[in-house]
Amino acid sequence: MILETVHTDRAPAAIGPYSQAIVAPPFVFVSGQLGMDPATGELVGDDLESQARQALENLKQILLAAGSSLEKTTVVEVFLTDMGRFADFNAIYGEYFPAHRPARAAIEVSALPKGACVEIKCTAAVE
């Protein structure tokens, strides 16, 4: 099996020894994305709303670079530092997955890199 490393400037560069994503046909495995601005590498804001939207945009751009899309996503894993914001996150998430509903887990964690309040990773199909 040939593995392909995915990199796009339309999403933040990895902040450690990992790749934005790896294609292992028929799937692409996208690393956890924070709400970081691709140009600056900094969080787009302190609030869940801005970070969640940016993290989902980052996932979308990486999937496109890998030859996939949000519509081909099979599973999503969400890490929140405050499960009390679960409903707020769901409202934003629903904007990105209005009809297609991948399998999903949401887990509360005590902390995330860069002091983020949300991190999102996914697996999707590629052709």
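The side chain of Ser-68 reaches the backbone oxygen of Ala-125 at 2.6 Å, a polar contact in the sense of N or O atoms within 3.5 Å, one able to donate a hydrogen and the other to accept it, where residues adjacent in sequence count only if both atoms are side-chain atoms. This is a predicted model, in which local features need pLDDT of at least 70 and side-chain atom pairs count only at pLDDT 80 or more, while totals for chains, interfaces and linings use all residues. Residues are numbered from 1 along each chain, and side-chain values use heavy atoms, without hydrogens and water.

**Around Ser-68**
- Ser-68 lies in the loop between α1 (48-65) and β4 (73-80), helices (H or I, at least four residues) and strands (E, at least two) being DSSP runs numbered from the N terminus.
- At 5% relative accessibility Ser-68 counts as buried, a term for under 20% relative accessible area with a 1.4 Å probe and protein chains only.
- Beyond its neighbours within four places in sequence, Ser-68 is in contact (heavy atoms within 4.5 Å) with residues including Val-28, Leu-63 and Val-126.

**Helix α1**
- Among the buried residues of α1 are Leu-48, Ala-52, Leu-56 and Leu-63.
- These buried residues of α1 pack against β1 (4-6), β2, β3, β4, α2 and β6.
- Just after α1, Gly-67 takes a positive phi of about 85 degrees.

Notes. Buried < 20%, exposed > 50% of the residue type's maximum accessible area, 1.4 Å probe, protein only.
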